[in-house]
Amino acid sequence: MRAITLNGFGGPEVMEWGEAPAPVAEYGEVLIDVVAAGVNRADLLQRQGFYPPPPGASEILGLEVSGEVAAVGDGVLEWRVGDRVCALLSGGGYAQQVAVPAGQLLPVPEGMDLTVAAGLPEVAATVWSNLVMTAGLRAGQLVLIHGGGSGIGTHAIQVAVQRGARVAVTAGSDEKLKRCAELGASVLINYREQDFVEVVRGQESGAGGPGADIILDNMGAAYLARNVEALAEHGHLVVIGMQGGVTAELNLAALLGKWGTIHATNLRRRPATGSHSKAEVISQVRQQVWPLLADGTVAPVVHAELPITEAAQAHRMLDAGAFGKVTLRVE
């Protein structure tokens with residue numbers, strides 16, 4: 001089998017397309033012939049040596065794929081050889097084959113290209129598990145999504161709007177904000193020119209006071225204090241990224257004064273099954289989000305599709321600020 005391997009940690013040039021051990025479907029797993037893999041910021045961090053895979057997971061990059069079922073392990077009842085699927089992974093996606101726990105598979109929506117479907121599992125699971133399962137998103141609430149033009153951001157806008165929320169987004173250009181508005185965002189904040197705290201505090205929350213009911217944050221430390229300031233009373237800050245660093249000072253008095261909560265979540269390190277597991281998230285995504293994709297209410301946003309031999313260029317593209325997802329076609 002061929003896969004992207006690393007000859008060290010560092011820039012995109014450390015990735016090489018070469019031979020790797022072939023995976024096998026163990027009990028409860030499905031083997032997938034990979035057609036495409038989604039590129040995520042976590043891949044960039046792992047390539048740099050900052051985000052190692054959880055114990056037992058593949059060292060190969062890649063947290064989501066699409067393809068066809070090549071084999072099923074013992075104990076797997078739902079999936080059959082030849083099924084068109086996409087899957088959430090703990091690693092191993094930048095390869096010709098990957099073995100996945102059966103509970104992390106999703107059927108490819110009818111009529112959707114497999115290369116497009118490769119960019120769905122990670123964003124759909126991240127958005128649903130954080131906005132709905134963790135923060136309890138409800139109709140009428142104001143949701144602030146940092147990085148509205150990212151893969152997660154473009155999906156989160158659409159899901160939040162479909163659940164009756166008002167959406168505020170931050171982005172680094174007016175062009176990106178215009179495209180976010182086309183997806184349903186109604187409060188548009190160019191973070192290079194505007195103070196997002198001032199803008200959001202000028203909006204009405206679901207309860208009637210100022211601020212955001214939910215903030216979905218990919219920045220981490222750099223935005224911690226300002227996010228707390230932007231929260232409405234009883235608001236939820238959900239931290240899903242560390243692009244702005246890992247260490248910050250928290251003003252507990254400010255958080256207490258708002259009856260606020262801060263959640264920091266990690267999809268990759270969830271267990272495969274059981275309470276708060278990947279299988280639990282995927283089950284809800286299939287029930288709640290997949291019908292919206294099937295009828296076109298929520299649409300994938302793909303910035304570019306590249307051959308997997310150009311994985312380095314895909315990483316540079318994502319790092320430069322792609323709008324939506326970047327996917328890799330596996331030869």
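Modeller: R2 is partly exposed, its relative accessible area being 30%. The model in which this value was computed is a predicted one. The partner of R2 is E19, and the closest N and O atoms of this salt bridge are 3.2 Å apart. Because R2 belongs to strand β1 and E19 to strand β2, the pair ties together parts that are 17 residues apart in sequence. E19 itself is exposed, at a relative accessible area of 56%. The count of salt bridges in the structure comes to five.

Another salt bridge joins the side chains of D319 and R41, with 3.3 Å from N to O. Here distant parts of the chain are linked, since D319 lies in helix α11 and R41 in helix α1, 278 residues apart. D319 counts as exposed at 54% relative accessibility, whereas R41 is partly exposed at 29%.

A further bridge is formed by D195 and R226, at 2.4 Å from N to O. D195 is placed in the loop between β10 (187-190) and α6, and R226 in helix α7, so this pair ties together parts 31 residues apart in sequence. Both side chains are partly exposed: D195 has a relative accessible area of 32%, and R226 one of 31%.

Helix α1 (residues 41-47) also contains R47. R47 is buried yet has no salt bridge. Beyond its neighbours within four places in sequence, R47 is in contact with L6, G8, F9, G10, G11, P12, V14, M15, L61 and H315.

H315 leads back to helix α11 (residues 311-319), where A311, A312, A314, H315, M317 and L318 are buried. The cover over the buried residues of α11 includes β1 (2-6), β2 (15-19), β3 (29-39), α1, β14 (302-307) and β15 (325-329). After α11 comes G321, whose phi is positive, near 105°.

F196 and Y223 form a tilted aromatic pair, 5.1 Å centre to centre with 35° between the planes. F196 lies in helix α6 (residues 196-201) and Y223 in the loop between β11 (212-217) and α7 (224-230), so parts that are 27 residues apart in sequence are tied together. Elsewhere, the charged end of R268 sits over the ring of Y51, 5.0 Å from its centre.

The nonpolar surroundings complete the account. The largest nonpolar core has 43 residues, of which L131, L137, V169, V285 and W290 touch the most other members. Helix α3 (residues 121-134) supplies the largest share of this core, six residues. Apart from this core lies another, of 38 residues, among them V34, I60, I308 and V326.

Terms used: Residues numbered from 1 in each chain as written. Predicted model: local features only at pLDDT ≥ 70, side-chain atom pairs only at ≥ 80, totals over all residues. Heavy atoms only, no water. Phe/Tyr/Trp six-rings, centres within 6.5 Å; stacked < 30°, edge-to-face > 60°. Helix = DSSP H or I, 4+ residues; strand = E, 2+ residues; numbered from the N terminus. Lys NZ or Arg CZ within 6 Å of the ring centre and 35° of its normal. Core = buried A, V, L, I, M, F, W, Y, C linked by side-chain atoms within 4.5 Å. Buried < 20%, exposed > 50% of the residue type's maximum accessible area, 1.4 Å probe, protein only. Lys, Arg positive; Asp, Glu negative; His and termini not counted. Salt bridge = Lys/Arg side-chain N within 4 Å of Asp/Glu carboxyl O. Contact = heavy atoms within 4.5 Å.
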